[in-house]
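Have the structure open as you read.

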Amino acid sequence: MVSPETLRKLGLQPGRIVEVIVASYTAEGKPHAAPMGVLLEGWDTIVIRPYVETWTYRNLESQRQCTVNLTGSPKLFLSTAFKGEPEVGELPEDIFLPALKVKAPRLRNAYGWLEVEISSGEAFEGRGLFKGRILRVKALPRLPEAYCRAGFAAVESIIHATRVLAYSKAGRRGEADRLARLIAGYRSLVSRVAPGSEAEETMEKLASILSRYGFKLEACRELF
Ligand SMILES: Cc1cc2nc3c(=O)[nH]c(=O)nc-3n(C[C@H](O)[C@H](O)[C@H](O)COP(=O)(O)O)c2cc1C
């Protein structure tokens with residue numbers, strides 16, 4: 001069993017939801033990655049909840065192994081959440097390396113990762129509930145980093161943007177618009193606190209994606 005102390009140092013503790021990138025192989029053996037919110041159940045089980053329409057759901061169901069990659073990079077969250085959109089393109093295979101104890105890819109640029117074997121999986125109301133046993137944890141040494149609001153705002157915006165598109169597709173325009181307004185606020189915050197940063201570049205790509213789907217963040221500018 002992986003030591004609770006190690007997991008705690010990585011920001012993981014029972015009941016706390018953390019945002020990570022889950023990497024898995026498709027049935028055809030292609031490496032795949034997508035951001036997911038996950039949480040520990042006890043100290044040796046991780047819970048992953050992909051919607052049933054996602055590739056991650058299909059991969060976990062068929063392959064039963066994955067890695068849970070730790071990163072704070074807005075660029076990595078954007079490129080794995082919105083892969084295939086013209087602003088980010090497809091995921092290049094060289095961002096992946098093989099894991100050691102499970103048959104799954106991991107992200108080369110993550111600052112740590114968990115290797116996980118899925119022990120049970122079910123689905124309720126369109127959302128999967130996979131539980132996995134943590135077989136290995138690896139963390140790379142890192143220097144401390146000064147806190148900047150831009151990283152949080154950009155990752156929060158990417159999460160909201162995935163829901164904007166889902167709500168819009170489901171005809172829930174009011175909820176989609178509410179989240180789009182929040183993203184517009186975060187966009188102006190990022191430009192103010194971190195001009196020229198990776199977070200700002202990510203926000204501009206996100207704004208362009210949303211604009212192509214009919215959500216113009218500029219229209220909310222007067223609110224901020
Ligand atoms: C930080 C973050 C957390 C997310 N958490 C989840 C989640 O727990 N479950 C889910 O189905 N989608 C989640 N999403 C949205 C998926 O990443 C997104 O729908 C993605 O396109 C699914 O990719 P896939 O079909 O390639 O698996 C999250 C997105 C972000 C940015």
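Predicted model: local features only at pLDDT ≥ 70, side-chain atom pairs only at ≥ 80, totals over all residues.

## Around the ligand

The residues of the shell around the ligand split into eleven nonpolar, four polar and two charged. For that tally, Ala, Val, Leu, Ile, Met, Phe, Trp, Tyr, Cys and Pro count as nonpolar, Asp, Glu, Lys and Arg as charged, and the others, Gly among them, as polar. The ligand has 17 residues around it, and the closest are Ala-34, Pro-35, Thr-54, Trp-55 and Thr-56.

Numbering runs from 1 along each chain as its sequence is written.

Which elements each supply at least two residues of the shell? They are strand 2 (31-41), helix 2 (55-63), helix 3 and helix 4. Helices here are DSSP runs of H or I with at least four residues, strands are runs of E with at least two, and both are numbered from the N terminus.

## Two domains

The domain assignment gives domain 1 (4-139) and domain 2 (149-223); such bounds come from an automatic or database assignment. Their contact takes eleven residues from domain 1 and twelve residues from domain 2, where contact means C-beta atoms, placed from the backbone, within 7 Å. Helix 3 gives the largest share of the domain 1 side, five residues. By class, that side has six nonpolar, one polar and four charged residues.

The centres of domain 1 and domain 2, taken over C-alpha atoms, are 24 Å apart. So where does the ligand lie? Both domains give residues to the shell around the ligand, so it lies between them.

## The core

The largest nonpolar core has 57 residues, and Val-22, Val-68, Ala-180 and Leu-210 have the most contacts inside it. A core is a set of buried Ala, Val, Leu, Ile, Met, Phe, Trp, Tyr and Cys residues joined through C-beta atoms within 7 Å. Buried means 20 or more other C-beta atoms within 10 Å of a residue's own, exposed means 12 or fewer, and partly exposed is in between, with C-beta atoms placed from the backbone.

Leu-210 touches Ala-161, Val-164, Ala-180, Phe-215 and Leu-217, leaving aside residues up to four places away in sequence.

Helix 4 (residues 149-169) has 21 residues and reaches 30 Å from its first C-alpha to its last, close to the 30 Å expected. That expected span is 1.5 Å times one less than the number of residues. Its buried residues, including His-160 and Ala-161, pack against strand 1 (18-25), helix 3 (74-81), helix 5 (173-193) and helix 6 (198-212). After helix 4 comes Gly-171, with a positive phi near 75°.

In helix 5, the buried residues include Tyr-186 and Arg-187. The buried residues of helix 5 pack against helix 4 and helix 6.

## Loops worth a look

Arg-64 sits in the loop between helix 2 and strand 4 (65-70) and is partly exposed because it has 19 C-beta neighbours inside 10 Å. Glu-125 is in the loop between strand 7 (112-124) and strand 8 (127-139), and its 6 C-beta neighbours inside 10 Å make it exposed.

Methods:
Contact = placed C-beta atoms within 7 Å. Near = placed C-beta within 6 Å.
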